Amino acid sequence: MSDHPLSPQDTLRAAESAHAAAAASSAPRWYPATSLALFTGAVAVAGVAAFTDGAFRRIGGVTGIGLFAVWVLVSLAVWRVWRRRGVIPRDAASPGLLASLPRVRRIVTVPLLVLAVVALVLGLAGHDWALGAASLFSALSVLLCGFRRAPR
């Protein structure tokens with residue numbers, strides 16, 4: 001402990017600061033349940049569709065991808081709120097092997113993601129090899145480029 005006790009005003013400021021920091025970092029009450037439902041639903045629907053044939057395979061695959069896209073958008077919205085409130089620092093280093101090369105990173109990311117989407121669509125159309133290729137392209141994109149944008 002310190003030899004000098006805090007004044008009542010300093011104690012109040014410290015308590016308000018701690019309360020504000022805790023409130024800023026908490027997720028909205030609806031987010032955990034919504035996130036769990038969307039992600040689990042996406043995996044379940046796409047997983048069941050993978051074991052079927054015909055129209056249900058395509059409909060289930062597209063529905064699973066749609067649920068996953070909604071989950072990503074909801075998570076990005078919460079992430080942006082946390083970023084605005086300062087919970088996630090703006091100067092955080094970008095992950096990925098190409099983090100220090102923003103121009104190369106942009107040149108590499110777009111083709112890999114396009115290849116991943118094309119392979120995913122081909123996989124839903126019935127070409128079994130394409131689903132593995134889509135996973136490989138998206139994993140390679142994340143490895144090289146990370147999830148965050150390069151700092152400007």
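This note sets out points on a salt bridge, a surface patch and a helix in a predicted model.

1. Salt bridge. One salt bridge is found when the whole structure is searched. The partners are arginine 13 and aspartate 10, whose side chains meet at 2.9 Å, N to O. Side chains of opposite charge can pair when their charged atoms come close.

2. Setting of the pair. Helix α1, residues 8-25, holds both arginine 13 and aspartate 10, which are three residues apart, about one turn of the helix. An α-helix has 3.6 residues a turn, so residues three or four places apart point the same way.

3. Exposure of the pair. Arginine 13 has 51% relative accessibility and counts as exposed, because the cut-off for exposed is over 50%. Aspartate 10, with a relative accessible area of 30%, is partly exposed.

4. Nonpolar patch. Val110, Val114, Val118, Leu122 and Trp129 make a nonpolar surface patch of about 480 Å². Helix α4 (residues 102-124) supplies the largest share of this patch, four residues. Valine 114 belongs to helix α4, and its relative accessible area of 47% makes valine 114 partly exposed.

5. Helix α3. This helix spans residues 55-85, 31 residues in number. From its first C-alpha to its last, α3 reaches 45 Å, close to the 45 Å expected at 1.5 Å a residue. Its buried residues are Arg57, Gly60, Gly61, Gly64, Val74, Ser75, Val78 and Arg83.

6. After helix α3. Glycine 86 follows α3 and has a positive phi, near 90 degrees.

Conventions. Residues are numbered from 1 along each chain as its sequence is written. This is a predicted model: local features need pLDDT of at least 70, side-chain atom pairs count only at pLDDT 80 or more; totals for chains, interfaces and linings use all residues. Side-chain values use heavy atoms; hydrogens and water are left out. A salt bridge is a side-chain nitrogen of Lys or Arg within 4 Å of a carboxyl oxygen of Asp or Glu. Helices (H or I, at least four residues) and strands (E, at least two) are DSSP runs, numbered from the N terminus. Buried means under 20% relative accessible area, exposed over 50%, partly exposed in between (1.4 Å probe, protein chains only). Patches are made of residues with over 30% relative accessible area and no salt bridge: like charges are joined within 9 Å, nonpolar side chains (Val, Leu, Ile, Met, Phe, Trp, Tyr) within 5 Å. Accessible areas come from the Shrake-Rupley method with a 1.4 Å probe; for residues, only the protein chains shown count as cover. The expected span of a helix is 1.5 Å times one less than its number of residues.
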